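Colleague: Before we discuss the labels used for this protein, could you put the sequence and structure up for us both?

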Amino acid sequence: MVAESAMLPDRTGAGLREVDVLITSRARDSRQVRIGVECRDHIQKPDITWVEQVVTKQAALELDQMVMVSSSGFTAGAVAKARYYGIELVTPERPIPADGPLGQLGQPHLEFRDLIRERLISVSGQVSRNGDSQAIPLPAGAAVFDAKGMVLCSVADLVGIFLDGADLREVVAQAPGQSVELRVRVSDFVLRRDEGGDPIEVFIGTRDGQLLRLTDFDAVLGARVEARPVLLAAAELQGTAYAVGAGHVGDNRALVIFSDPPAGERMSVRVTDADGQVSDWIADRSTQTLRPHTSPAGPEANERT
């Protein structure tokens, strides 16, 4: 969003102050960014005095970035001072740096992120014994059983099953390149061998050979969010601009295409899994999910996050 002659509050309490142009956009990490643009049309090149004034104004108006535009260019001192403070200088009819605040506006950015599980810190659970609920520790390698005493999986695998089904988008979005602790709490649960299959109650074995129904568990895991920027190639096809990039997410390979047809911006994803199976998806920005390219009835069953 671009606003000319925007009036912004001065954080010192000095009232409203004008910025020639205010650009409100989104950074690559989805944060809102406010860019102030100050303009001059003088015969003489502005010097460091104007840069210092803009630096003070940026701090007072709490703007994220500043751009200075001068029709006559800038003195060498002004260029050095602006570079020190991270202010972009623009002179009409000269190229705008692609890596500056203005050059990056509107450019698609793609980053693949994986949530890497590093360790299972602790697991505890609630079992039913003679009708009463009892808290017990659950070793990661302990087996869990069905009602007939058949091994289903380990405790660590059980935690992984429910972690796979959890909505972790907020964690992944907020912690790129960071280590995080995840907490998984599940109550009154059952397993299913197949989607839509019969529910299977889960049991824990005791030292005296009893099987106790596991009704709840609480797990804490250490994980890392791995972020990998993806190089995008831009082009145009039949009058429609697009950008394309590809990379791996987990065991899958994803081809992502950003396009800007007359109907509006669109992001398409082609996923190839480890077995070579291909599926096509469309990004739904309103729900932050991927939906099948040809939407069948009952899209919830085919939704990816």
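Colleague: What is the order of the strands in the open sheet of six strands, and is the pairing parallel or antiparallel?

Modeller: The order is β15-β16-β17-β18-β19-β20, with antiparallel pairing, where two strands pair if DSSP finds at least two bridges between them, and where strands are DSSP runs of E with at least two residues, numbered from the N terminus. This is a predicted model, in which local features need pLDDT of at least 70 and side-chain atom pairs count only at pLDDT 80 or more, while totals for chains, interfaces and linings use all residues. Residues are numbered from 1 along each chain as its sequence is written, and side-chain values use heavy atoms, leaving out hydrogens and water.

Colleague: What makes β15 and β20 the edges of this sheet?

Modeller: β15 (233–237) and β20 (289–292) each have a single partner strand, so one side of each lacks a neighbour in the sheet.

Colleague: How do you know that β19 and β20 pair?

Modeller: Four bridges join β19 (residues 278–284) to β20, and the definition asks for at least two, so they count as paired. Alanine 283, for instance, has leucine 290 in β20 as its bridge partner.

Colleague: Why is cysteine 153 called buried, and why is cysteine 39 called partly exposed?

Modeller: Buried means under 20% relative accessible area, exposed over 50%, and partly exposed in between (1.4 Å probe, protein chains only). Cysteine 153 has 13%, and is therefore buried, whereas cysteine 39 has 38% and is therefore partly exposed.
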